[in-house]
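The following note sets out points on the sheets, the helices packed on them, and the ligand site. Please read it alongside the sequence and coordinates.

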Amino acid sequence: MCAKVLLIDDDRDFRTSVKSLLESSGYQVAEADSGHAGLLKVLEYKPHVIVLDIMMESSTEGYGVTYALKYLDEYAEFRGIPVFMVSSIKESPDERFPMSAEVEMIRPDRYLTKPLDIPRFLQLLEKAVASGVATD
Amino acid sequence: MSESAAPEAVVVIDDDYAMRLSCAKIVSKMGLRVEVFEDGARGLEAVAALKPGLVVVDLKMPGISGLEVVSRVHEIDPQIIMVVITGYATIDTAVEAMKSGAYDFLPKPFSPDELRLIVNRGLERRRLALESQRGEVERALLKRTFVTFVSHQLRSPLAAIHQYLDVLQRLDEAGDSPARRREWIGRCLKRTEELQSLIADWLTLARVEGGALLKERVEVDLKSTIVNILENYRAMAAAEDVALEVSLPEGETRVRGDRTCVSVLFDNLITNAIKYNRRGGKVTVSGGFCDGEIVIAVGDTGVGIPEKYRPFLFDEFFRIKDSGVKRTEGTGLGLHISKRIVSEMGGSIEVESQAGIGSTFRVRLPAWREPADDAEMGGWE
Ligand SMILES: Nc1ncnc2c1ncn2[C@@H]1O[C@H](COP(=O)(O)OP(=O)(O)OP(=O)(O)O)[C@@H](O)[C@H]1O
């Protein structure tokens with residue numbers, strides 16, 4: 001099976017490079033350029049993993065996505081989907097007020113900083129996909 | 001996003017059906033819009049969508065707790081007034097809720113009058129807060145998020161470039177395609193330029209804030225400054241199919257200021273007029289005199305600026321992101337810097353605009369006077 005990754009990020013260049021990277025590593029990739037578009041894409045594309053930028057148009061747009069995934073009925077089947085939170089700012093999630101949906105949905109090792117450390121990212125992704133499939 | 005004149009909305013979140021119903025009845029009789037929800041998750045979604053003036057929430061509910069609703073609502077909008085409903089024995093939790101930002105609490109059972117009173121008081125307080133503190137609150141929020149925002153702005157292009165190079169290096173080992181390589185290098189250059197202009201903007205801002213304009217006040221001729229800038233942008237305008245026209249008045253157009261800052265000011269206005277124009281459009285720079293001031297107008301035939309955005313136009317980082325509006329790259333600092341420069345020079349800047357037709361930015365600057373005239377005003381050391 002070819003795992004599907006959804007990239008939600010408003011930086012087109014970041015999506016372009018990461019998409020090529022993932023495709024060359026055997027993933028299928030879809031892109032969305034906002035939290036809203038991302039949520040629509042989730043339903044249509046049914047990804048196995050989401051890579052989500054925290055700070056898009058509004059500084060907390062990424063959180064809106066985890067919130068919807070966690071609480072909205074349409075997204076019930078994605079409640080357990082592995083989500084990687086990506087940000088260009090180095091900050092640990094406990095330095096700011098953590099949002100509940102986020103705390104429950106995102107494992108601490110899935111906070112990544114841009115630019116991504118490629119080997120580490122690929123390794124985490126592989127594990128996430130394996131765990132997602134195992135619990136399906 | 002904008003405050004409308006429609007009746008204020010009140011959201012009631014309570015898992016108890018009877019309670020929801022009676023609250024809804026009382027509140028809607030007060031002439032307010034009311035929406036009821038049975039759990040915190042749905043209630044919060046509604047709060048995010050409706051931006052109500054006031055939220056009534058039961059502290060004891062299954063699912064997301066009332067306490068959490070209180071803090072989440074304030075993440076959505078700190079100006080929303082929160083009233084919590086508590087059971088007999090939960091005063092402690094009520095206190096907790098007030099600490100997390102609730103406005104007041106209603107112990108069960110309560111009478112319709114008590115609810116009405118608290119809702120009215122709450123909304124009144126909100127109105128006052130909105131009126132008197134609007135600007136301040138916004139500024140305080142902006143300050144707090146400022147550092148995060150700036151580092152985000154500076155790091156994004158750098159991260160994008162870095163990621164391109166990193167991935168390129170890796171794909172190279174696997175035999176990269178030259179076409180992709182060319183495209184990515186092009187993008188890296190673009191993003192580098194973006195970073196350069198961001199840094200340049202920051203430096204100018206620092207210069208203005210550091211008082212460079214007060215220290216270094218020399219004679220600057222607007223006419224030649226503007227003509228030079230237009231010359232620099234001939235090619236850019238031609239590429240966008242925008243005509244540049246200039247009609248500056250005969251006579252003295254000298255002002256007193258910092259040469260770089262004056263250039264930056266008109267550079268910003270002229271590049272905006274080109275960037276936010278349409279193909280086949282034009283930019284007109286014209287001038288005149290009025291009450292000892294030189295008035296320069298930079299007009300365009302572009303997308304225009306919807307009225308609702310005009311109050312924010314000169315704020316730092318403000319950019320219009322409507323779907324109808326042309327998307328170009330930029331930092332959102334240009335007009336903020338321009339306004340700072342103009343006010344430091346004792347002038348003013350205003351905008352007139354019609355969406356879809358065009359905009360005109362009008363700058364007024366005090367005309368240069370010989371230093372002798374200034375001696376009596378305290379000199380210019
Ligand atoms: N002449 C104009 N016509 C229409 N919209 C304009 C015009 N000038 C400015 N704007 C709007 O105001 C916003 C703020 O402009 P500002 O010059 O501050 O920043 P910018 O153009 O985004 O970036 P930069 O500072 O790099 O020029 C712009 O994003 C644009 O939406």
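Two strands are taken to pair if DSSP finds at least two bridges between them; helices (H or I, at least four residues) and strands (E, at least two) are DSSP runs, numbered from the N terminus. This is a predicted model, in which local features need pLDDT of at least 70 and side-chain atom pairs count only at pLDDT 80 or more, while totals for chains, interfaces and linings use all residues. Residues are numbered from 1 along each chain as its sequence is written, chains are lettered from A and ligands numbered from 1 in the order in which they are written, and side-chain values use heavy atoms, with hydrogens and water left out.

1. Chain B contains an open sheet of 5 strands with parallel pairing, in the order β2-β1-β3-β4-β5. Its edge strands, each pairing on one side only, are β2 (33–37) and β5 (104–107). Neighbouring strands are turned by 20° against each other on average, direction ignored; axes are lines fitted to C-alpha atoms, for helices over the stretch in contact, and angles run from 0 to 180 degrees between N-to-C directions. Strand β4 (residues 81–86) of chain B is joined to β5(B) by 4 bridges, and B:T86 stands opposite B:P107.

2. β7(B) pairs with β9 (residues 282–290) of chain B in the parallel sense over 5 bridges.

3. The ligand is surrounded by 20 residues, counted when a heavy atom lies within 4 Å of it; among the closest are B:N272, B:D300 and B:R319. α9 (259–275), α10 (334–344) and β12 (358–366) of chain B each supply at least two residues of this shell.

4. Polar contacts are pairs of N or O atoms within 3.5 Å. An oxygen atom of the ligand lies 2.8 Å from a backbone N or O atom of B:L335, and one lies 3.1 Å from a side-chain N or O atom of B:K275.

Definitions and conventions:
A polar contact is a pair of N or O atoms within 3.5 Å; within protein, one must be able to donate a hydrogen and the other to accept it, and residues adjacent in sequence count only if both atoms are side-chain atoms.
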